[in-house]
Amino acid sequence: MKKTIEYLNNKKKNQQKITALTSYDYPTTLLLEKAGIDMIILGDSVGTNILGYKDETEVTLEDMIHHAKAVSRALQNIFLVVDLPYRTHETPQEAVFNAKQLLKAGADAVKFEGIKENIVQVLKDNGILVMCHIGLNPQYHQEDMKQGKITRGKILDEAVQLLQGAKTLEKAGADLIILEKIPEKVAKIITENISIPAIGIGAGKYCDGQVLIINDLIGIGEKKFKHAPDYINLRKPILETLLRYKDETEKQLFPAKEHVNLIRTGELEKFKDWCSNQGFKI
Ligand code: KIV
């Protein structure tokens, strides 16, 4: 059954946690479908996690469309949110034009960073489902991030700003909200004071759901983040597999008998005769 915004709202109402992950490609999305995950957030983290960009500000709308199409080819039931990347939602007209392209590529909703109620309103007026994103906003906080200022809302002013921001966005019509890197107790108060689902990343257990970057969850990223669990580190077995492949290929142990195809009995001699008649080496 396709998961809808009503399904996600019901989960909040019934105090059932919403499960979300990022996914950037077709095979990963197939696995997320098998696992019964509720929501994929195809974020602009695709830039650093897949595309090798220096940070999120390099990601383009074309990048998001390309990856949204790949993800949506594997989608069956999961609700798909796709990011409007940096500088693609500066004006209401631009936000609507670009959001429509993401919907065409398969998104069920679009997400953008920051507290911009005019952008929420215009997207809603155009019938587009909207996820907002407050707390740490990598599109705008790169300088802070470089200086290690990651968590937002550790002091009264910031906590108040976040709560008021969430209320403003809810009032403007936002359907969903991400709380990124916010102290657990602040995220709890925000979550309990809005009627739309609040999905946390590094925001503690009281949010209506959780999202993680898939690379961090399965341990293929180079960095280890405090908010990500330590279930598995796939870098090690993947690297071991690559080294084994290299070694066995160089030593001519691969391909082995079971990996090769055979020419039909009797045909090889005929083929060799034909080759030598034509002057090919055999
Ligand atoms: O870009 C991203 O992956 C995000 C996550 C917080 C979902 O915004």
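In which sense do β1 and strand β2 (residues 39-42) pair, and over how many bridges? They pair in the parallel sense, over 2 bridges; two strands count as paired if DSSP finds at least two bridges between them. Within this pair, Leu-21 stands opposite Ile-40 in β2. From β1 the chain reaches β2 by way of helix α2 (residues 26-35), in a right-handed β-α-β crossover. Right-handed here means that, with the strands pointing away from the viewer, the path from the first strand over the helix to the second runs clockwise. Helices (H or I, at least four residues) and strands (E, at least two) are DSSP runs, numbered from the N terminus.

This is a predicted model, in which local features need pLDDT of at least 70 and side-chain atom pairs count only at pLDDT 80 or more, while totals for chains, interfaces and linings use all residues. Residues are numbered from 1 along each chain as its sequence is written, and side-chain values use heavy atoms, with hydrogens and water left out.

β1 (residues 18-21) also pairs with strand β8 (residues 209-212), in the parallel sense over 4 bridges. There Ile-18 stands opposite Gly-209.

Helix α4 (residues 61-72) contains His-67. Its relative accessibility is 8%, so His-67 counts as buried (under 20% relative accessible area; exposed is over 50%, partly exposed in between; 1.4 Å probe, protein chains only). Neighbours within four places in sequence aside, His-67 is in contact (heavy atoms within 4.5 Å) with Tyr-24, Leu-42, Val-46, Ile-50 and Leu-51.

In helix α6 (residues 117-125), the residues Ile-119, Val-120, Val-122 and Leu-123 are buried. The buried residues of α6 pack against α5 (92-104), β4 (109-113), β5 (130-135) and α8 (156-172). Just after α6, Gly-127 has a positive phi of about 75°.
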